[in-house]
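Student: Please take one part of this model and go through it slowly with me. I would like to look closely at the aromatic rings and at what surrounds them.

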Amino acid sequence: MNYDSLRIAKGSVVCAEADLRGDVTIGNSTIIHPKVRIFAYGGPIVIGEGCLIEEQTVIINRGDMSDEDLVKFLKETETRPPQTRGGRNAPLRSLQVQTNYVCGKQQGDTLYIGSFNVFEVGAHIESMKIGSNNVFESKCKLGTEVTVGDGCVVSVFCVLDKQDHLENMTVVYGPGNQRRKQQDKPMPQTQQLEFLAKVLPNFHNLKKSNVSPSPEPIGKK
């Protein structure tokens, strides 16, 4: 099993302090902040272009991992940050922690995330299919049985952990997960992405890009 199957398109900025494990593909011009954790345990993860993934976000393809084991796994990975070599990107194998779960062990379904999505600080994502132009606000949580269309917003602290589908342009908000439809999709964070692409390399070591930009958005079937 190849544990180093991390593919980062040129033009993306992935901070070395981010913890990415297993079969993970990062699309063009995507920004991944420090302390992000992306774990392809149950199967591959494919993230499209122009996404912004902020600190402490967790994206996990959990496969058959139980809730109890998931809590233990996330707690352990939180307390054992990734190591780097020479200030640069370390092979993914060196990031494996001592745990019963080895990312990439299973060859299950792929978790797909489309393009121009924003994941704010502390978002927790287990959803297996997410479209494009969505915003996931701070500390929101999406379970494995939730799918998301295009142009949706999941507001701060909202938790969706039962089987559900967010149709295009849905806004989820409030303590009762109320819903409404919006007229326009959230605008792509183009200026912020360009700014971060210039600034982050000045303050953080980066994981090296290793694939050419795709002419089509990655993450679309």
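Tutor: A residue is called buried when its relative accessible area is under 20%, exposed when that area is over 50%, and partly exposed in between (1.4 Å probe, protein chains only). By that rule Phe136 is buried, because its relative accessibility is 1%. The model is predicted, so local features need pLDDT of at least 70 and side-chain atom pairs count only at pLDDT 80 or more, whereas totals for chains, interfaces and linings use all residues. Residues are numbered from 1 along each chain as its sequence is written, and side-chain values use heavy atoms, with hydrogens and water left out.

Rings of Phe, Tyr and Trp (its six-membered ring) form a pair if their centres lie within 6.5 Å, and the pair is stacked with planes under 30 degrees apart, edge-to-face over 60 and tilted for the rest. Two aromatic pairs are present in the structure. In one of them, the ring centres of Phe39 and Phe73 are 5.1 Å apart and the planes stand at 75°, so this pair is edge-to-face. Because Phe39 belongs to strand β5 (residues 37–47) and Phe73 to helix α1 (residues 67–79), the pair ties together parts that are 34 residues apart in sequence; here helices (H or I, at least four residues) and strands (E, at least two) are DSSP runs, numbered from the N terminus. Phe39 is buried at 0% relative accessibility, and Phe73 is also buried, with a relative accessible area of 2%.

The rings of Phe119 and Phe136 have centres 5.0 Å apart and planes at 10°, so they are stacked. This pair, too, links distant parts of the chain, since Phe119 sits in strand β9 (residues 118–119) and Phe136 in strand β12 (residues 135–136), 17 residues apart. Phe119 has a relative accessible area of 0% and is therefore buried.

Phe136 leads us on to the packing around it. A nonpolar core is a set of buried Ala, Val, Leu, Ile, Met, Phe, Trp, Tyr and Cys residues joined through side-chain atoms within 4.5 Å. The largest such core has 33 residues, and those that touch the most other members are Leu20, Ile32, Ile38, Ile47, Ile59 and Phe136. At least two residues of this core come from each of β1 (6–8), β3 (19–26), β5, β8 (111–113) and β14 (146–148), and β5 gives the most, with four residues. Ile38 shows how such a member is surrounded: leaving out residues up to four places away in sequence, Ile38 touches Asp19, Leu20, Arg21, Val24, Ile32, Ile45, Ile47, Ile53 and Ile59, where contact means heavy atoms within 4.5 Å. A second, separate core holds 12 residues, among them Cys15, Val135, Leu196 and Leu200.

Ser127 lies in the loop between β10 (124–125) and β11 (129–130), and Ser127 counts as buried because its relative accessibility is 0%. Apart from neighbours within four places in sequence, the contacts of Ser127 include Leu111, Leu142, Val146 and Val148.
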